[in-house]
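User: I am new to this kind of structure and would like to learn how to read it one feature at a time. Could you take me through it?

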Amino acid sequence: MSINLLILYNDSCPSLNPTIKRINEVLEENNIEANLSTKLLKSDEEANNWKFIGSPTIYINKIQFEPIDSDLYRLENCRTFVSDEGKISPLPSKNKLQKALSEA
Amino acid sequence: MPNIKLNDPYVNFLLPATDGINYSLDLPSLGKIKVVIFSCNHCPYAQAWEDRIISIQKKYSNDGVSVIMISSNNSTEYPEDSFEKMKERHTEKNFNFPYLYDETQEIAKMYGAERTPEVFVFDEFGLLRYTGAIDDNYEDESAVTSSYLMNALDSIIQDNKADVEITDAVGCTIKWK
């Protein structure tokens, strides 16, 4: 069964393309089928409606990957992820993506 | 693209810092080579490079290099970037350089800074010799192939000219009011 992947993003944060590249690597290396779609958010209203905490926000089968407990919904924000070493990163960890996608 | 062009003199300022001092680039305690970095608390790109900025200040302190980091973000929309939070960040990370608050955002506008982090290096004559990114890998320091800022500093210390003078700053946008 194919996985549904949705990435919400803004047009100011440079994290989208490296994130897509990383996701595609994980999918390819693990022979995982997925429908990947992206949605550009263009207004604060949209950011609020989507409870958008920053770009990129990844949903795997409608469940947010590495959710952050925040109610600051801001269109222009770059969101943070936590690396395998526990450091803040603008990109999702490849290992964590692999785990999440394998379990989806 | 920065408003300050290569070989332009620095735009001076007087801004409060998290250590309680007001800084201008003329302050005698600063080194002859100034590295002005627009950054902030909240941005993951800025955070990813913080430890490297600390290391660079440490490495080049005996060469007369001073890092001056400035946050110009709108702290109403981004409360993580308030002056109080900047002070907390300074303490938490034990910054070995001043962290300045550009509340009116005038300095960022005068420099033409757009991203965090974004670097401007001025030589001993106060002329801009390098602007752009710190290096080419925000995520993994061990995977850096071009250490733009350190290469620029090495060249400037040698002969007042950087081999690579401009790179693209990669990071969050400055959050304007």
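Analyst: Let us begin with one residue in a loop: A:Pro56 lies between helix H2 (44–49) and S3 of chain A. Please keep in mind throughout that this is a predicted model.

User: What is the peptide bond from A:Ser55 to A:Pro56, cis or trans?

Analyst: As a general idea, most peptide bonds are trans, and most residues other than glycine have a negative phi. The bond from A:Ser55 to A:Pro56 is cis, with omega near -5 degrees. In chain B, a cis peptide bond also joins B:Thr116 and B:Pro117, with omega about 0 degrees, and B:Pro117 is found in the loop between strand S6 (115–116) and strand S7 (118–122) of that chain.

User: Which elements make up chain A, and in what order do they run from the N terminus on?

Analyst: The secondary structure of chain A comes to three helices and six strands, and from the N terminus on the elements run β-α-β-α-β-β-β-β-α.

User: In what order do the four strands of the open sheet in chain A lie?

Analyst: In general, strands of a sheet pair through backbone hydrogen bonds, either parallel or antiparallel. Here the four strands form an open sheet in the order S2-S1-S3-S4, and the pairing is mixed. The edge strands are S2 (34–40) and S4 of chain A, each of which pairs on one side only. S1(A) and S2(A) run parallel and are joined by seven bridges; in S2(A), A:Asn35 is the bridge partner of A:Asn4. Helix H1 (residues 16–29) of chain A packs on the sheet, where it touches S1 and S2, and its direction makes about 165 degrees with that of S1(A).

User: In which sense do S1 and S3 of chain A pair?

Analyst: S1 (residues 3–9) and S3 (residues 57–60) of chain A pair in the antiparallel sense over four bridges, and A:Ile58 in S3(A) is the bridge partner of A:Ile7. S3(A) also pairs with S4 (residues 63–64) in the antiparallel sense, over two bridges, with A:Ile60 standing opposite A:Ile63. The hairpin of S3(A) and S4(A) has two residues between the strands, and in this hairpin A:Asn61 takes a positive phi near 50 degrees.

User: Where does A:Glu66 lie, and is A:Glu66 exposed or partly exposed?

Analyst: A:Glu66 lies in the loop between S4 and strand S5 (81–82) of chain A, and its phi is near 45 degrees, a positive value in a residue other than glycine. A:Glu66 counts as partly exposed because 15 other C-beta atoms lie within 10 Å. In chain B, B:Asn94 has a positive phi of about 55 degrees although it is not a glycine, and B:Asn94 lies in the loop between helix H2 (83–93) and strand S5 (99–101). With 7 other C-beta atoms within 10 Å, B:Asn94 is exposed.

User: What radius of gyration does chain A have?

Analyst: Chain A has a radius of gyration of 13 Å, which agrees with the value near 13 Å for a compact globule of 104 residues. Its C-alpha trace spans about 35 × 30 × 20 Å along the principal axes, and buried residues make up 31% of the 104 residues. Of the contacts in chain A with a separation of 6 or more, 69% are accounted for by residues 24 or more positions apart.

User: How many residues of chain A are in contact with chain B?

Analyst: Eleven residues of chain A are in contact with twelve residues of chain B. On the side of chain A that touches chain B, the residues divide into six nonpolar, three polar and two charged.

Definitions and conventions:
Residues are numbered from 1 along each chain as its sequence is written. Chains are lettered from A and ligands numbered from 1 in the order in which they are written. This is a predicted model: local features need pLDDT of at least 70, side-chain atom pairs count only at pLDDT 80 or more; totals for chains, interfaces and linings use all residues. Two strands pair if DSSP finds at least two bridges between them. The radius of gyration is taken over C-alpha atoms; the globule rule is 2.2 Å times the number of residues to the power 0.38. A residue is buried if 20 or more other C-beta atoms lie within 10 Å of its own, exposed if 12 or fewer, and partly exposed in between; C-beta atoms are placed from the backbone. Two residues are in contact if their C-beta atoms, placed from the backbone, lie within 7 Å. Ala, Val, Leu, Ile, Met, Phe, Trp, Tyr, Cys and Pro count as nonpolar, Asp, Glu, Lys and Arg as charged, and the others, Gly among them, as polar. Axes are lines fitted to C-alpha atoms, for helices over the stretch in contact, and angles run from 0 to 180 degrees between N-to-C directions.
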